[in-house]
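I would ask you to look at the model on the screen while I take you through a few of its elements.

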Amino acid sequence: MSKLVICDHPLIQHKLTFIRDKETNTKDFRELVDEVATLMAYEITREIPLDTIQVETPVAVTNAKVVSGRMVGLVPILRAGLGMVDGILKLIPSAKVGHIGLARDHETLQPKEYYINLPTDAPNRLLIVIDPMLATGGSAIAAINSLKSRNCDQIKLMCLIAAPEGVKAVQEAHPDVDIYIAALDERLDEKGYIVPGLGDAGDRMFGTN
């Protein structure tokens, strides 16, 4: 079964409180999401391997650690996932960015891919799928399915808030994909919204209704 990591650093939890607050305006919401994404990037990259190189300090020659050649790719699910990308790039500026667009099929009610654009070397990268909300898990599962169908097998999922139902669905569909979140909320309501959640992340991020 995949690993569920709740990033409970005090600064993340502090900022998440204001992200949840319905009185937080669009500008502040966007900035807070960006900041939390940066902080969460520390955790999601914790297991990136290191190499040892030799450097010369002003005092002596020493062995020191550098990130190994493992390449990272960021894959936000449009559109809300875009709001977390820049925060991660602050820590991993060399990461390449792909995009996946998903829309609900009116007949099947399942997410359907309408757009995908990935780095040409995506199968060789550790790909971080990004979406602020993990509600039913449908979009995350569809995005991961799409990546795996293109021979990508190093995948992690990064979300701000998750419902237990969504976590369970992703773990059952993709037991090899670790999930990183800032908070695990109570449940989904009858409309599929996370409770207590933060509302519609895309609308709040981009000022739409």
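I begin with a pair of helices, α4, residues 138-148, and α5, residues 164-173, whose axes come within 9 Å and cross at roughly 20°. Please keep in mind throughout that this is a predicted model. How are α4 and α5 oriented to each other? Angles under 35 degrees count as roughly parallel, and α4 and α5 are therefore roughly parallel to each other. The crossing of α4 and α5 is right-handed. On the α4 side, the contact is made by A140, I141 and I144, and on the α5 side by A169, V170 and A173. By class, the residues of this contact are six nonpolar, no polar and no charged.

Let me turn to the strands, starting with β8, which spans residues 125-130. Is β8 enclosed or open to the outside? Six of the six residues of β8 are buried, so this strand is largely enclosed by the rest of the structure. In general, the side chains of a regular strand alternate between the two faces of the sheet. In β8, R125, L127 and V129 point one way, while L126, I128 and I130 point the other way, and all are buried.

Which strands pair with β8? One of them is β4, residues 71-78, which runs parallel to β8 and is joined to it by six bridges. Within this pairing, V72 has L126 of β8 as its bridge partner. Strand β10, residues 155-158, also pairs with β8 in the parallel sense, over four bridges. There, V129 stands opposite L157 of β10.

Is T120 buried or exposed? Exposed means over 50% relative accessible area, and T120 counts as exposed because its relative accessibility is 78%. The C-alpha atom of T120 is separated by 28 Å from that of I181, and the two residues lie 61 residues apart along the chain.

Three strands form an open sheet in the order β9-β11-β13, with parallel pairing. The edge strands are β9, residues 133-134, and β13, residues 183-184, each of which pairs on one side only. Between β11, residues 161-162, and β13 there are two bridges, and these strands run parallel. In this pairing, A162 has L184 of β13 as its bridge partner.

Thank you; I would be glad to take questions.

Definitions and conventions:
Residues numbered from 1 in each chain as written. Predicted model: local features only at pLDDT ≥ 70, side-chain atom pairs only at ≥ 80, totals over all residues. Heavy atoms only, no water. Axes fitted to C-alpha atoms, helices over the stretch in contact; angles between N-to-C directions. Parallel < 35°, antiparallel > 145°, perpendicular 65-115°, else oblique. Left-handed = near helix turned anticlockwise from the far one by under 90°. Contact = heavy atoms within 4.5 Å. Nonpolar A, V, L, I, M, F, W, Y, C, P; charged D, E, K, R; others polar. Buried < 20%, exposed > 50% of the residue type's maximum accessible area, 1.4 Å probe, protein only. Pairing = 2+ DSSP bridges.
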